[in-house]
Amino acid sequence: MITELVHLNSPQLISVLNDAPCQVDIHGRGTGKSYIIGWEISNIVRRMPRSVTAITGRTFGQIYTRTLPSSLKFLELIGYEKDRDFVIGRRPPKGWLTPYEKITRYDNFISFSNGTGF
């Protein structure tokens, strides 16, 4: 359920409408690439429960400080809530589904309640 109206700029709108199975977005700083990663995370969670997908970057620090804040902001905008719908960096709560592939370390892992992980 979308809790607010989602506003997208032109590059973001093109990316969302394209809905390509494989996509590379080459845009300058501040165009909202990380926001679109939030859109992609939501699509993967809905379309492929119990799957595991990688979010890549140069370092974990880069992902935590540059990519995830905007991506999580988008997820919250469309109704996801941290510690209710997903957890970061820890084992998921009992009763949540787990990915089909066994996860051995949760330090740098995002778990969703339907078993999807990143």
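## Contacts of Ser-42

Two residues are in contact when heavy atoms lie within 4.5 Å of each other. Leaving out residues up to four places away in sequence, Ser-42 touches Leu-75, Ile-78 and Tyr-80. Ser-42 is part of helix H2; helices (H or I, at least four residues) and strands (E, at least two) are DSSP runs, numbered from the N terminus. With a relative accessible area of 5%, Ser-42 is buried. Buried means under 20% relative accessible area, exposed means over 50%, and partly exposed lies in between (1.4 Å probe, protein chains only).

## Model and confidence

This is a predicted model, in which local features need pLDDT of at least 70 and side-chain atom pairs count only at pLDDT 80 or more, while totals for chains, interfaces and linings use all residues. Residues are numbered from 1 along each chain as its sequence is written, and side-chain values use heavy atoms, with hydrogens and water left out.

The protein has a mean pLDDT of 87, and 96% of its residues reach 70 or more; pLDDT is the predictor's confidence in each residue, from 0 to 100. Where pLDDT is low, the predicted coordinates should not be read in detail.

## Helix H1

Helix H1 spans residues 10-18, and Gln-12, Ser-15 and Val-16 are buried in it. They are on the same side of H1, because they cover an arc of only 95° around the axis. The arc is that of the directions from the helix axis to the C-beta atoms. An α-helix has 3.6 residues a turn, so residues three or four places apart point the same way.

Helix H2 (33-47) is included in what covers the buried residues of H1. On the face turned away from the buried side, H1 carries the exposed residues Ser-10, Ile-14 and Leu-17.

## Positive phi values

Most residues other than glycine have a negative phi. Arg-50, in the loop between H2 and H3, has a positive phi of about 70° although it is not a glycine. Arg-50 counts as partly exposed, at 24% relative accessibility.

In the loop between H3 and E1 lies Asp-83, whose phi is positive and near 70°. Asp-83 is partly exposed, with a relative accessible area of 44%.

## Pockets

On a 1 Å grid over the protein atoms alone, a pocket is an open set of points where a 1.4 Å probe fits, with protein on both sides within 12 Å along at least five of seven lines; lining residues have an atom within 4 Å of a point. The largest pocket has a volume of about 1,200 Å³, a volume being the space filled by probe spheres set on the points, which are joined across faces, edges and corners. The elements giving two or more residues to its lining are H2 and helix H3 (60-77). H2 gives the most, with ten residues. The lining has 33 residues, and Lys-33, Ser-34, Ile-37, Thr-56 and Thr-67 lie nearest the centre.

The second largest pocket has a volume of about 280 Å³. Its lining has 15 residues, of which Ile-55, Phe-60, Asn-108, Phe-109 and Phe-118 lie nearest its centre. H3 gives the most to this lining, with four residues.
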